[in-house]
Amino acid sequence: MPKLIKDNQIIDDNWIVVDADFEGALPEQPAIVPLSYWNQNKASLSARSDIGVWLDSHEEPSHIASDLDSIPVVAINFPKFADGRGYSYARLLRERFNYKGEIRAVGDVLQDQLFYMKRCGFNAFAVRADRDIEVALTGLNVFSNSYQAACDRNTPLFRRR
Amino acid sequence: MYKYDDYDRNLVLERVKQFRGQTERFLAGDLSEDEFLALRLQNGLYIQRLAPMFRVAIPYGMLSSVQLRNLADLSRTYDKGYVHFTTRQNVQFNWPELKNIPDMLESLHKVEMHAIQTSGNCIRNTTTDQFAGVFKDEVTDPRPYCEIIRQWSTFHPEFAYLPRKFKIAVNACPTEDRAAMKVHDIGLELVKNEHGETGFRVFVGGGLGRTPLLGSAINEFLPELDLLTYLEAIVRVYNQHGRRDNKFKARIKILVKALTPEVFAQKVEEEWQHIKDSAAKLTVEEINRVKGFFVEPSYEDITSSTEFEEQLASNKAFANWVNRNTNEHKIPGYSIVTLTLKKTGIPPGDVSDDKLELIADLADKYSFGEVRIAHDQNIVLADVKQSDLFAVWRKAQTAGFATPNLNMLTDIICCPGGDFCALANAKSIPIAEQIQRRFDNLDYLYDLGEIELNISGCMNACGHHHVGNIGILGVDKKGQEFYQVSLGGCSGKDASIGKILGPSFAREEMADIVEKIIDVYVENRTAEELFLDTYRRIGMTPFKERVYAKAH
């Protein structure tokens with residue numbers, strides 16, 4: 001079974017991430033579906049407790065703002081690690097829309113981005129399959145402090161010095 | 001000058017460790033070229049034409065003599081014994097080896113320096129006026145605000161992978177703008193409102209490069225406590241909406257232009273309403289704490305001496321230098337000295353290790369142990385007693401830093417160009433030298449008055465050619481180097497982007513072309529006019545006609 005970093009631990013991941021162009025019926029398994037599929041099948045999907053939604057890097061979280069209560073996992077796709085829109089999306093989910101569920105980074109997710117992702121509100125990381133997830137885990141704790149306020153700590157350093 | 005506390009020190013040390021690990025993983029083949037590229041760029045490391053190029057931050061241009069000596073040491077130990085000061089108030093090493101970079105970082109850490117975010121698609125080193133804190137006309141010292149921005153932008157988790165690089169400049173002087181604020185992604189102008197409160201006029205969307213544009217004011221008065229939350233709102237809007245499909249259209253200026261400044265301002269305002277009263281809002285205590293690092297040095301009460309007047313009267317060369325290379329200080333009896341790095345034959349901005357140490361000595365002896373790096377690639381001793389000017393001049397003269405050409409035609413801003421930079425289409429240093437050799441008569445230069453001539457070796461405009469009164473851009477035509485000339489650029493208060501004169505020229509023609517342009521100015525100027533004034537009055541046509549006239 002694939003592995004996932006969640007809440008600072010490596011766990012088995014039993015969720016499948018459904019492709020962007022998927023059509024038809026979902027398998028009986030926890031699934032993270034693309035935004036378009038969610039929008040088309042919202043009525044039936046929101047009745048299930050094991051359906052998450054993933055946003056591509058151009059799909060802002062405001063699209064699912066009103067559905068967040070029934071979504072246990074929001075995944076944000078990084079088509080390339082250098083596409084940084086997902087960092088803002090995660091902060092908006094946590095800080096603007098007060099989302100308490102799992103925010104998962106998927107796609108080109110690498111060790112050296114994890115610390116910033118965590119600060120922006122991600123708590124789960126599907127590290128790229130060709131990388132050692134144990135090694136990547138160390139990426140969560142690179143710095144012991146930070147200047148700015150973010151999701152991990154909502155007071156900036158200047159209020160704590 | 002700002003001093004690190006344990007928080008700052010630890011963060012920079014943790015960065016050194018992080019980068020050492022990343023470098024080792026890359027050298028071991030565990031990180032791909034692309035993955036390492038993004039990481040090394042955020043640490044100022046380029047892989048260049050001849051060797052890596054390593055860019056170290058000089059936050060808002062301030063350097064202590066201890067830091068200068070450390071740079072000298074590093075250049076001796078790991079490089080070829082010189083460094084290059086850039087137009088972004090940074091310093092570059094041109095020949096280090098990749099494997100030595102972590103050791104260089106560790107050494108920099110010991111003198112409170114780093115290379116964090118000196119490159120890459122993140123918020124870069126914030127720049128300001130090199131005369132900050134000592135110039136009499138400024139509203140307030142901009143450096144504390146620059147330091148506050150430095151800390152906020154350092155390792156900002158949300159903004160490390162922006163669509164493109166992002167540059168902020170702060171100006172606090174109502175009469176002049178030495179920070180070129182309107183050609184930055186964000187320009188901040190410190191102002192006071194009618195109640196005497198401090199705030200910022202906020203410009204967004206300026207920049208040079210392929211599409212040169214001036215920034216637009218999107219907020220006429222942002223209270224100082226709102227600085228960071230407002231910046232956060234601007235950069236968040238940009239991060240989400242800036243173009244990522246085309247690198248050449250990815251800067252914030254393209255977004256601001258596409259949306260219009262009004263719509264962009266509205267988006268920022270909407271975003272800001274959600275965060276303006278969060279814990280990220282600045283506090284008076286924090287501003288005062290940081291201001292505490294930029295208090296005035298212990299100036300002496302100076303009663304005027306006749307000795308200085310006598311030195312001026314009896315030595316024309318000294319008087320020239322004082323007249324040209326020093327500025328009035330806010331404290332009577334002191335002067336602001338600019339050491340020019342524009343001696344003919346030495347690439348603009350380059351300084352050797354022994355000369356760095358000499359500048360450190362000058363700073364220790366005559367200027368409270370501090371210097372500033374100017375965006376026009378000169379070095380400033382900000383607090384020199386007038387009675388010491390003669391001694392400083394003598395020493396600077398011996399070292400080659402007293403060429404009295406500040407703001408003259410030969411005080412050329414010039415990028416490293418094709419001699420060093422992998423991006424360049426053409427060489428730039430030899431063009432600067434050719435022009436400096438042609439205009440070597442100081443009396444003539446003084447007669448011409450202030451003229452800014454800027455040279456870039458490519459579109460990226462590191463030499464700020466668009467805002468030179470005379471701008472020169474190296475272009476590549478079928479593998480041959482040519483040079484395009486623009487006129488009328490200006491980076492100051494009344495900033496403007498230069499207009500292209502016409503078809504480009506061969507390298508060996510450049511001094512002739514500049515001479516013709518200068519001739520047109522001399523023939524047309526009124527008694528009071530600087531080059532830029534004349535150009536603005538008579539327009540491009542007379543220059544074009546002269547330069548492109550057929551030989552008889």
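The following legends describe close-up views of a predicted model. In this model, local features need pLDDT of at least 70, side-chain atom pairs count only at pLDDT 80 or more, and totals for chains, interfaces and linings use all residues. Residues are numbered from 1 along each chain as its sequence is written, chains are lettered from A in the order in which they are written, and side-chain values use heavy atoms, without hydrogens and water.

**View 1. The buried side of helix α4 of chain B.** Helix α4 spans residues 101-110 of chain B, and its buried residues include B:I101, B:M104, B:L105 and B:L108 (buried: under 20% relative accessible area, 1.4 Å probe, protein chains only; helices: DSSP runs of H or I, at least four residues). B:E112, with a positive phi near 60°, follows α4(B).

**View 2. The interface between chain A and chain B.** In contact (heavy atoms within 4.5 Å) are 38 residues of chain A and 45 residues of chain B. About 3600 Å² is buried between the two chains, 53% of it on carbon and sulfur atoms (accessible area, 1.4 Å probe, lost on being put together, summed over both parts). A:Y147, A:F158 and A:R161 supply 20% of the area that chain A buries against chain B, more than any other three residues.

**View 3. A salt bridge between A:R161 and B:D8.** The side chains of A:R161 and B:D8 form a salt bridge with an N to O distance of 3.3 Å (side-chain nitrogen of Lys or Arg within 4 Å of a carboxyl oxygen of Asp or Glu). Nine salt bridges are counted between chain A and chain B.

Technical notes:
Buried < 20%, exposed > 50% of the residue type's maximum accessible area, 1.4 Å probe, protein only. Helix = DSSP H or I, 4+ residues; strand = E, 2+ residues; numbered from the N terminus.
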